[in-house]
Amino acid sequence: MTKTRILTGLREITDRFDLALMDLWGCMHDGVTPYPAALDCLKQLQSAGKQVAILSNAPRHAASVIQQLNEMGIPRALYSDLFASGEETWRYLKTRPDALAQGLGRRVYPLIAARDERILDGLDLEVAANVESADFLLVTGVADATVKATDFDPVLAPAARAKLPLVCANPDLIVHRGGIEEICAGAIAARYEELGGRAIYNGKPHRRIYEIIFEKMGVTDPGRVIGIGDSFRTDVRGAAAMGAGSVLIAGGIHHAELLKDGKVQADPLAALTAELHATPDFVLPYLAW
(Lines give C-alpha, C1' and ligand atoms only; values in the text may rest on other atoms or scores of the structure.)
Protein backbone atom coordinates (compact mmCIF):
# COMPACT_ATOMS: atom_id res chain seq x y z
CA MET A 1 0.00 0.00 0.00
CA THR A 2 1.25 3.46 -0.88
CA LYS A 3 2.09 5.50 2.18
CA THR A 4 0.63 8.97 2.49
CA ARG A 5 3.18 11.75 2.94
CA ILE A 6 2.32 14.48 5.43
CA LEU A 7 3.12 17.97 4.13
CA THR A 8 3.46 21.35 5.78
CA GLY A 9 2.58 23.27 2.61
CA LEU A 10 1.64 22.73 -1.01
CA ARG A 11 4.92 24.38 -2.10
CA GLU A 12 6.68 21.08 -1.30
CA ILE A 13 5.10 19.28 -4.29
CA THR A 14 4.47 21.94 -6.96
CA ASP A 15 6.97 20.21 -9.25
CA ARG A 16 4.56 17.25 -9.43
CA PHE A 17 1.56 18.93 -11.06
CA ASP A 18 0.49 21.48 -13.65
CA LEU A 19 -3.22 21.55 -12.78
CA ALA A 20 -4.81 21.53 -9.33
CA LEU A 21 -8.46 20.50 -8.99
CA MET A 22 -9.45 22.47 -5.90
CA ASP A 23 -12.34 21.63 -3.60
CA LEU A 24 -14.23 24.45 -1.86
CA TRP A 25 -15.97 23.46 1.38
CA GLY A 26 -13.50 22.51 4.10
CA CYS A 27 -10.64 23.49 1.80
CA MET A 28 -11.14 27.10 0.64
CA HIS A 29 -13.93 28.11 3.03
CA ASP A 30 -16.30 26.85 5.72
CA GLY A 31 -19.47 27.77 3.86
CA VAL A 32 -19.46 31.25 5.36
CA THR A 33 -15.88 32.58 5.53
CA PRO A 34 -12.83 31.98 3.30
CA TYR A 35 -9.61 30.73 4.89
CA PRO A 36 -6.83 33.36 4.57
CA ALA A 37 -4.10 30.73 4.11
CA ALA A 38 -6.13 29.13 1.30
CA LEU A 39 -6.46 32.50 -0.48
CA ASP A 40 -2.72 32.99 -0.20
CA CYS A 41 -2.20 29.50 -1.61
CA LEU A 42 -4.24 30.35 -4.71
CA LYS A 43 -2.14 33.48 -5.22
CA GLN A 44 1.10 31.51 -4.84
CA LEU A 45 -0.07 28.81 -7.26
CA GLN A 46 -0.86 31.50 -9.78
CA SER A 47 2.59 33.03 -9.33
CA ALA A 48 4.12 29.60 -9.81
CA GLY A 49 2.38 29.27 -13.19
CA LYS A 50 -0.01 26.54 -12.10
CA GLN A 51 -3.57 26.19 -13.34
CA VAL A 52 -6.29 25.91 -10.70
CA ALA A 53 -9.73 24.57 -11.56
CA ILE A 54 -12.27 24.80 -8.77
CA LEU A 55 -14.16 21.50 -8.68
CA SER A 56 -17.18 21.69 -6.42
CA ASN A 57 -20.08 19.40 -5.70
CA ALA A 58 -22.27 22.49 -5.27
CA PRO A 59 -25.73 21.68 -6.70
CA ARG A 60 -25.94 24.97 -8.60
CA HIS A 61 -24.87 26.51 -11.90
CA ALA A 62 -21.17 27.42 -12.13
CA ALA A 63 -22.04 31.12 -12.57
CA SER A 64 -23.98 31.06 -9.31
CA VAL A 65 -21.06 29.48 -7.45
CA ILE A 66 -18.65 32.05 -8.91
CA GLN A 67 -20.93 34.86 -7.74
CA GLN A 68 -21.18 33.33 -4.27
CA LEU A 69 -17.38 33.05 -4.05
CA ASN A 70 -16.95 36.67 -5.13
CA GLU A 71 -19.36 37.80 -2.42
CA MET A 72 -17.53 35.65 0.12
CA GLY A 73 -14.16 37.17 -0.79
CA ILE A 74 -12.71 34.60 -3.20
CA PRO A 75 -12.31 36.61 -6.45
CA ARG A 76 -12.64 35.04 -9.89
CA ALA A 77 -9.14 36.22 -10.82
CA LEU A 78 -7.58 33.69 -8.43
CA TYR A 79 -8.52 30.55 -10.38
CA SER A 80 -8.47 29.40 -14.00
CA ASP A 81 -11.99 27.94 -14.21
CA LEU A 82 -14.79 26.51 -12.08
CA PHE A 83 -16.83 23.34 -12.49
CA ALA A 84 -19.87 22.42 -10.39
CA SER A 85 -21.88 19.22 -10.05
CA GLY A 86 -25.07 21.27 -10.33
CA GLU A 87 -24.00 22.54 -13.75
CA GLU A 88 -23.18 19.01 -14.86
CA THR A 89 -26.57 17.78 -13.56
CA TRP A 90 -28.35 20.53 -15.50
CA ARG A 91 -26.46 19.61 -18.69
CA TYR A 92 -27.21 15.93 -18.13
CA LEU A 93 -30.94 16.66 -17.92
CA LYS A 94 -30.80 19.13 -20.81
CA THR A 95 -28.81 17.09 -23.34
CA ARG A 96 -29.77 13.54 -22.24
CA PRO A 97 -26.38 12.14 -23.32
CA ASP A 98 -27.02 8.44 -22.71
CA ALA A 99 -29.80 5.87 -22.73
CA LEU A 100 -30.31 6.16 -18.97
CA ALA A 101 -30.87 9.92 -19.21
CA GLN A 102 -33.10 9.53 -22.26
CA GLY A 103 -35.32 7.14 -20.33
CA LEU A 104 -35.87 9.42 -17.34
CA GLY A 105 -39.07 11.02 -18.60
CA ARG A 106 -40.08 14.67 -18.14
CA ARG A 107 -42.08 14.74 -14.89
CA VAL A 108 -39.76 15.48 -11.98
CA TYR A 109 -40.44 15.43 -8.27
CA PRO A 110 -37.82 17.81 -6.81
CA LEU A 111 -36.25 17.59 -3.35
CA ILE A 112 -34.66 21.02 -3.64
CA ALA A 113 -33.77 23.75 -1.16
CA ALA A 114 -35.01 27.21 -2.17
CA ARG A 115 -31.45 28.39 -2.86
CA ASP A 116 -31.03 25.68 -5.52
CA GLU A 117 -34.29 26.12 -7.46
CA ARG A 118 -32.61 27.71 -10.49
CA ILE A 119 -31.23 24.31 -11.45
CA LEU A 120 -34.65 23.73 -13.06
CA ASP A 121 -34.45 26.85 -15.26
CA GLY A 122 -34.32 26.13 -18.98
CA LEU A 123 -35.13 22.43 -18.64
CA ASP A 124 -38.09 20.93 -20.46
CA LEU A 125 -39.48 19.43 -17.26
CA GLU A 126 -42.85 19.37 -15.57
CA VAL A 127 -42.81 19.53 -11.77
CA ALA A 128 -44.92 16.68 -10.43
CA ALA A 129 -47.25 17.39 -7.53
CA ASN A 130 -46.46 14.04 -5.91
CA VAL A 131 -44.35 10.93 -6.32
CA GLU A 132 -47.21 8.98 -7.86
CA SER A 133 -47.27 11.28 -10.91
CA ALA A 134 -43.47 11.61 -11.26
CA ASP A 135 -41.06 9.92 -13.67
CA PHE A 136 -37.98 10.59 -11.54
CA LEU A 137 -36.73 12.43 -8.47
CA LEU A 138 -34.14 15.22 -8.39
CA VAL A 139 -32.32 16.01 -5.15
CA THR A 140 -29.95 18.93 -4.57
CA GLY A 141 -29.74 19.29 -0.80
CA VAL A 142 -31.53 20.41 2.34
CA ALA A 143 -32.68 23.71 3.80
CA ASP A 144 -30.75 23.59 7.08
CA ALA A 145 -28.74 21.48 9.52
CA THR A 146 -31.81 20.12 11.34
CA VAL A 147 -32.82 17.93 8.39
CA LYS A 148 -31.93 14.21 8.33
CA ALA A 149 -31.94 11.84 5.36
CA THR A 150 -34.61 9.67 6.98
CA ASP A 151 -36.94 12.68 7.08
CA PHE A 152 -37.49 12.03 3.38
CA ASP A 153 -38.59 8.40 3.82
CA PRO A 154 -42.30 9.22 3.22
CA VAL A 155 -41.25 10.28 -0.30
CA LEU A 156 -38.30 7.96 -0.88
CA ALA A 157 -39.98 4.71 0.16
CA PRO A 158 -42.90 4.85 -2.30
CA ALA A 159 -40.59 6.17 -5.03
CA ALA A 160 -38.27 3.20 -4.51
CA ARG A 161 -41.21 0.81 -4.65
CA ALA A 162 -42.24 2.43 -7.93
CA LYS A 163 -38.64 2.04 -9.20
CA LEU A 164 -38.26 5.74 -9.98
CA PRO A 165 -34.68 6.85 -10.70
CA LEU A 166 -33.24 9.55 -8.43
CA VAL A 167 -30.85 12.11 -9.94
CA CYS A 168 -28.40 13.44 -7.35
CA ALA A 169 -26.84 16.85 -8.00
CA ASN A 170 -24.36 16.67 -5.12
CA PRO A 171 -22.75 13.32 -4.20
CA ASP A 172 -21.33 14.69 -0.92
CA LEU A 173 -22.71 13.14 2.27
CA ILE A 174 -22.05 15.97 4.73
CA VAL A 175 -20.62 19.46 4.86
CA HIS A 176 -19.78 21.88 7.67
CA ARG A 177 -21.49 25.24 7.24
CA GLY A 178 -19.84 27.67 9.64
CA GLY A 179 -18.74 24.71 11.76
CA ILE A 180 -22.21 23.10 11.89
CA GLU A 181 -22.65 19.71 10.22
CA GLU A 182 -25.33 19.50 7.52
CA ILE A 183 -26.27 16.61 5.26
CA CYS A 184 -25.92 16.94 1.49
CA ALA A 185 -27.88 15.43 -1.38
CA GLY A 186 -25.58 12.41 -1.41
CA ALA A 187 -26.88 11.35 2.01
CA ILE A 188 -30.44 11.38 0.67
CA ALA A 189 -29.37 9.42 -2.42
CA ALA A 190 -27.58 6.89 -0.20
CA ARG A 191 -30.74 6.51 1.88
CA TYR A 192 -32.70 5.96 -1.33
CA GLU A 193 -30.33 3.17 -2.31
CA GLU A 194 -30.77 1.62 1.16
CA LEU A 195 -34.51 1.55 0.46
CA GLY A 196 -33.88 -0.25 -2.83
CA GLY A 197 -33.94 2.74 -5.18
CA ARG A 198 -31.52 3.60 -7.97
CA ALA A 199 -29.49 6.82 -7.83
CA ILE A 200 -27.75 8.60 -10.71
CA TYR A 201 -24.87 10.81 -9.58
CA ASN A 202 -23.24 13.85 -11.17
CA GLY A 203 -20.03 15.27 -9.70
CA LYS A 204 -17.06 13.96 -7.73
CA PRO A 205 -16.00 11.13 -7.58
CA HIS A 206 -17.80 10.11 -10.79
CA ARG A 207 -15.86 10.05 -14.01
CA ARG A 208 -18.00 12.26 -16.26
CA ILE A 209 -17.14 15.58 -14.58
CA TYR A 210 -13.40 14.82 -14.66
CA GLU A 211 -13.58 14.01 -18.37
CA ILE A 212 -15.29 17.36 -19.00
CA ILE A 213 -12.57 19.19 -17.05
CA PHE A 214 -9.69 17.35 -18.69
CA GLU A 215 -11.05 18.13 -22.16
CA LYS A 216 -11.65 21.81 -21.41
CA MET A 217 -8.33 22.31 -19.61
CA GLY A 218 -6.34 20.44 -22.29
CA VAL A 219 -5.08 17.71 -19.97
CA THR A 220 -3.09 15.05 -21.83
CA ASP A 221 -1.32 13.50 -18.83
CA PRO A 222 -3.55 12.87 -15.78
CA GLY A 223 -0.40 12.21 -13.78
CA ARG A 224 0.30 15.96 -13.91
CA VAL A 225 -3.03 16.71 -12.22
CA ILE A 226 -3.65 16.75 -8.48
CA GLY A 227 -7.00 16.72 -6.69
CA ILE A 228 -7.13 18.71 -3.46
CA GLY A 229 -9.97 18.40 -0.96
CA ASP A 230 -11.17 17.14 2.40
CA SER A 231 -13.02 13.97 1.38
CA PHE A 232 -11.58 10.48 1.00
CA ARG A 233 -14.78 9.42 -0.74
CA THR A 234 -15.02 12.15 -3.38
CA ASP A 235 -11.73 14.05 -3.72
CA VAL A 236 -9.26 11.22 -3.15
CA ARG A 237 -11.18 8.43 -4.90
CA GLY A 238 -12.19 10.67 -7.79
CA ALA A 239 -8.63 11.78 -8.50
CA ALA A 240 -7.22 8.27 -8.15
CA ALA A 241 -9.77 6.81 -10.57
CA MET A 242 -8.58 9.27 -13.22
CA GLY A 243 -4.89 8.55 -12.68
CA ALA A 244 -4.29 11.85 -10.88
CA GLY A 245 -2.61 12.51 -7.54
CA SER A 246 -4.41 13.72 -4.42
CA VAL A 247 -3.92 15.92 -1.38
CA LEU A 248 -6.28 15.37 1.54
CA ILE A 249 -7.05 18.44 3.66
CA ALA A 250 -7.30 17.01 7.18
CA GLY A 251 -8.93 20.11 8.66
CA GLY A 252 -12.18 19.58 6.76
CA ILE A 253 -14.89 16.99 7.42
CA HIS A 254 -12.42 14.64 9.18
CA HIS A 255 -10.84 17.26 11.46
CA ALA A 256 -12.07 15.60 14.66
CA GLU A 257 -10.40 12.31 13.75
CA LEU A 258 -7.25 13.53 12.01
CA LEU A 259 -6.06 16.67 13.77
CA LYS A 260 -4.65 17.25 17.22
CA ASP A 261 -3.22 20.67 18.08
CA GLY A 262 -3.25 21.48 14.36
CA LYS A 263 -1.10 18.48 13.41
CA VAL A 264 -2.06 15.44 11.34
CA GLN A 265 -2.15 12.25 13.38
CA ALA A 266 -0.58 9.34 11.49
CA ASP A 267 -2.45 6.45 13.17
CA PRO A 268 -5.98 7.85 12.66
CA LEU A 269 -4.98 8.71 9.08
CA ALA A 270 -3.94 5.11 8.44
CA ALA A 271 -7.14 3.82 10.06
CA LEU A 272 -9.39 6.03 7.92
CA THR A 273 -7.44 5.15 4.79
CA ALA A 274 -8.08 1.47 5.45
CA GLU A 275 -11.71 1.96 6.48
CA LEU A 276 -12.65 4.13 3.50
CA HIS A 277 -10.51 2.26 0.94
CA ALA A 278 -8.92 5.46 -0.36
CA THR A 279 -5.26 6.42 0.00
CA PRO A 280 -4.30 10.07 -0.51
CA ASP A 281 -0.82 10.65 -1.87
CA PHE A 282 -0.36 13.61 0.46
CA VAL A 283 -2.10 15.21 3.41
CA LEU A 284 -2.08 18.78 4.74
CA PRO A 285 -3.57 19.98 8.05
CA TYR A 286 -5.13 22.92 6.16
CA LEU A 287 -4.70 24.26 2.66
CA ALA A 288 -1.57 26.43 2.80
CA TRP A 289 1.38 27.28 0.66
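The model is predicted: local features need pLDDT of at least 70, side-chain atom pairs count only at pLDDT 80 or more, and totals for chains, interfaces and linings use all residues. Residues are numbered from 1 along each chain as its sequence is written, and side-chain values use heavy atoms, with hydrogens and water left out.

**Sheet and helix**
- Five strands form an open sheet in the order 6-5-7-8-11, with parallel pairing.
- The edges are strand 6 (126-127) and strand 11 (198-201), and each pairs on one side only.
- Strands (E, at least two residues) and helices (H or I, at least four residues) are DSSP runs, numbered from the N terminus; two strands pair if DSSP finds at least two bridges between them.
- Strand 8 (residues 165-168) runs parallel to strand 11, joined by 4 bridges.
- Proline 165 has arginine 198 in strand 11 as its bridge partner.
- Helix 5 (residues 153-161) lies across strand 5 (107-111), strand 7 (136-139) and strand 8, at about 150 degrees to strand 5.
- That angle, on a scale from 0 to 180 degrees, is between N-to-C directions of axes fitted to C-alpha atoms, for helices over the stretch in contact.

**Cavities**
- The whole structure holds 3 cavities of 30 Å³ or more.
- A cavity is a set of points on a 1 Å grid over the protein atoms alone, where a 1.4 Å probe fits but cannot get out; lining residues have an atom within 4 Å of a point.
- Grid points are joined across faces, edges and corners, and a volume is the space filled by probe spheres set on the points.
- The largest cavity has a volume of about 180 Å³.
- It is lined by 20 residues, and Trp25, Pro59, Asn170, Val175 and Cys184 are the closest to its centre.
- Strand 9 (174-177) and strand 10 (180-183) each give two or more residues to this lining.
- The lining of the largest cavity has 8 nonpolar, 5 polar and 7 charged residues.
- Nonpolar means Ala, Val, Leu, Ile, Met, Phe, Trp, Tyr, Cys and Pro; charged means Asp, Glu, Lys and Arg; the others, Gly among them, are polar.
- The second largest cavity holds about 50 Å³.
- Its lining includes Leu21, Lys204, Tyr210 and Asp235.
- Strand 2 (19-22) and strand 12 (225-229) each supply at least two residues of that lining.

**Glutamate 87**
- Glutamate 87 sits in helix 3 (residues 85-95).
- Glutamate 87 is buried, at 17% relative accessible area; buried means under 20%, exposed over 50% and partly exposed in between, with a 1.4 Å probe and protein chains only.
- Beyond neighbours within four places in sequence, glutamate 87 is in contact with Arg60, His61 and Ala62; contact means heavy atoms within 4.5 Å.

Methods:
On a 1 Å grid over the protein atoms alone, a cavity is a set of points where a 1.4 Å probe fits but cannot get out, and a pocket is an open set with protein on both sides within 12 Å along at least five of seven lines; lining residues have an atom within 4 Å of a point.
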